[in-house]
Amino acid sequence: MEFLTLVIITICMYLLMFKPEREKLAFGMFGAATFILVGMWFVTTFGSIFGNGNY
Amino acid sequence: MNSCLNEKNFNLVMATAIMLILVIPVGIANVWLGYVVRESPCALCWWERMGMILVGLLGFFILRYGPRLKYVMSVFLIAAFGIHMGLRHLGNFVQLDVDMGLGAEIMGIRTYTWAAIVYWAVVIVMSLFLMFIKRSEELNADFTGQRSVIKPFSKFGKIVFYVSFALVISNGIQAFFTNGIPPYGGKAPNDRMSLNLPMISKTWETYIWDRLKSFSIKKDYPEKPYIHGIFNTKKFNENFASGAFEEAKKLQILSVKEIGIKMNKGKMIAAVSYDNKNEEFAFTSHYGGSYFTKDLNTASKFAVVDYQNSWNLGHTTATAFTGENLLVIGQNKTAYGLRKLEKPMDEVIQYRTFLETSGDYGSFFEKNVDRYTKDGRPFLTTIRAKQAYALAFGADEKFMYTVSAANRVVKNVVVSKFLISERKMSSEAYIKPSKDLKLKEKRNLKDYYVVGAAVDGDRILAYSREYSTLLSIDKNSFEVKDVYEMPLMKEPHSLAVSKDKLYVLGFEHGKNLLYEIEKPF
């Protein structure tokens with residue numbers, strides 16, 4: 001999933017540099033990457049939202 | 001506008017900021033740790049790194065289209081999430097000993113800790129950028145949506161962009177080789193960075209998806225210990241025959257007496273201890289009030305510590321005499337002590353330490369100033385029982401002993417021994433039966449639930465309410481040498497011992513009871 005996210009970010013950066021008129025598409029790709037980040041973080045930490053510190 | 005807070009300078013500072021987050025932390029992690037040290041991020045580190053890349057990416061959006069509200073807002077949202085990620089990750093290791101943790105250090109701090117620092121810095125820097133936006137008409141127009149233009153990158157901006165672009169691609173290569181393509185994902189512990197695809201592809205894993213099978217708020221956190229009326233977390237099987245032992249001598253109740261002493265708070269008395277020298281009982285509430293009595297009805301000597309302030313005790317659960325001084329622990333193994341005084345206390349010290357007192361006791365642990373500082377309320381920290389509470393406590397002249405209440409995280413009963421003078425652990429073990437003690441087939445001592453303990457000679461007597469069993473444990477080896485069947489009582493908890501009797505607290509219809517039980521040795 002990390003690889004997929006970085007592919008999306010790479011495409012987003014390409015659009016920013018070479019197709020800046022496609023702002024909505026670029027921001028959509030940013031949103032997709034963020035969605036995967038948040039989603040995968042919660043998948044990875046689903047067993048516990050907090051670590052095992054002394055609360 | 002002549003102010004230096006203008007659009008041109010904003011873009012220069014923004015490009016620098018992108019470089020500081022994307023090129024430096026992400027670059028060091030990817031190039032130095034990845035390709036030189038050959039360390040790859042663990043499952044959580046990857047997403048912390050990805051968040052930094054996304055913050056940098058938002059910087060390029062701001063350079064390209066201006067500081068529009070949605071970009072600025074997104075920076076704060078990702079930074080807030082990043083701080084959570086860093087602290088959550090640090091929480092996995094924060095309880096370990098010095099320098100223990102996952103992966104390499106950068107300037108003495110591990111990468112997951114750096115994550116929290118970096119995102120915290122992002123919040124501060126982005127907040128300062130708002131000053132630029134306020135002082136520049138052009139930036140203000142971008143921010144409020146009155147202007148919508150595509151801006152060219154400056155020369156410096158292009159350099160930062162291409163370096164960042166290369167780093168993102170490089171991170172993609174690292175992610176592909178170490179973690180693979182979907183649905184493969186993060187690893188923890190992580191594998192080393194390798195470009196040996198035939199071999200590394202055999203290590204690709206999907207195990208993180210298994211985590212969706214269970215959910216909890218806190219990791220490895222035990223249920224509260226059973227305290228009647230406060231934490232009713234357990235139902236007991238009080239039948240001795242259901243336990244691990246075939247048979248044992250059954251002890252008899254000699255008498256049952258009602259205790260007339262009222263606690264400072266709460267109806268139920270938490271703990272009892274017996275001072276053989278003065279032939280005196282000490283009764284302690286769940287809220288730090290201790291009362292000394294000989295007749296069970298009048299307490300001429302007492303001390304109620306300032307329970308609310310200073311180190312948290314949870315609820316006080318157990319007590320033990322060491323000589324004429326009384327030691328007390330809370331459920332979380334935080335302790336305090338009452339030292340019998342030769343002369344009255346200073347009134348200021350008395351005010352600071354106690355809510356109420358007869359003037360007979362000061363702080364046991366405090367060496368110089370008689371008040372409850374960190375020294376006055378030591379943490380009895382353990383290793384095996386770190387994630388377990390304690391309802392049982394004993395002491396002799398030199399040592400104090402805690403007995404843990406087993407739970408879903410710590411499944412064994414742990415005895416921990418502390419040198420009183422140091423307040424530090426001396427030894428510790430899971431209780432196990434001695435070789436002379438026969439257990440039923442496939443049974444062990446894990447399901448015993450110790451609610452009271454007392455030291456008697458070279459033994460720790462531990463009373464398990466589960467299976468109504470008295471375990472006699474060697475003070476040095478922590479082996480269970482003998483067991484006895486305890487009689488059935490009403491809400492039994494806490495244990496004290498005199499020369500010829502055992503004492504157990506009971507509770508029925510709002511009344512505190514003291515069971516006197518024959519002593520088998």
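**Figure 1. Salt bridges across the interface of chain B and chain A in the predicted model.** The rule finds two salt bridges between these chains. In one of them, A:E23 is paired with B:K70, and their closest N and O atoms lie 3.7 Å apart.

Figure 2. The greatest contribution is that of α3(B), with 15 residues. Sorted by class, this side of chain B comprises 36 nonpolar, 15 polar and 10 charged residues.

**Figure 3. Extent of the interface between chain B and chain A.** Contacts join 61 residues of chain B to 41 residues of chain A. The two chains bury about 5,000 Å² between them, with 75% of this area on carbon and sulfur atoms. Within chain B, the most area is lost to chain A by B:W47, B:F81 and B:R88, which together account for 14% of what that side buries.

**Figure 4. Helix α1 of chain A and its packing partners.** Helix α1 (residues 2–18) has 17 residues; at 1.5 Å a residue it should span 24 Å, and the end C-alpha atoms are therefore in agreement at 24 Å apart. Its buried residues include A:L6, A:I9, A:C12, A:M13 and A:L16. The buried residues of α1(A) pack against α2 (23–44) of chain A and against α3 and α7 of chain B.

How values were computed
Residues numbered from 1 in each chain as written. Chains lettered and ligands numbered in written order. Predicted model: local features only at pLDDT ≥ 70, side-chain atom pairs only at ≥ 80, totals over all residues. Heavy atoms only, no water. Contact = heavy atoms within 4.5 Å. Buried area = accessible area lost by both parts, 1.4 Å probe. Salt bridge = Lys/Arg side-chain N within 4 Å of Asp/Glu carboxyl O. Helix = DSSP H or I, 4+ residues; strand = E, 2+ residues; numbered from the N terminus. Nonpolar A, V, L, I, M, F, W, Y, C, P; charged D, E, K, R; others polar. Expected span 1.5 Å × (residues − 1). Buried < 20%, exposed > 50% of the residue type's maximum accessible area, 1.4 Å probe, protein only.
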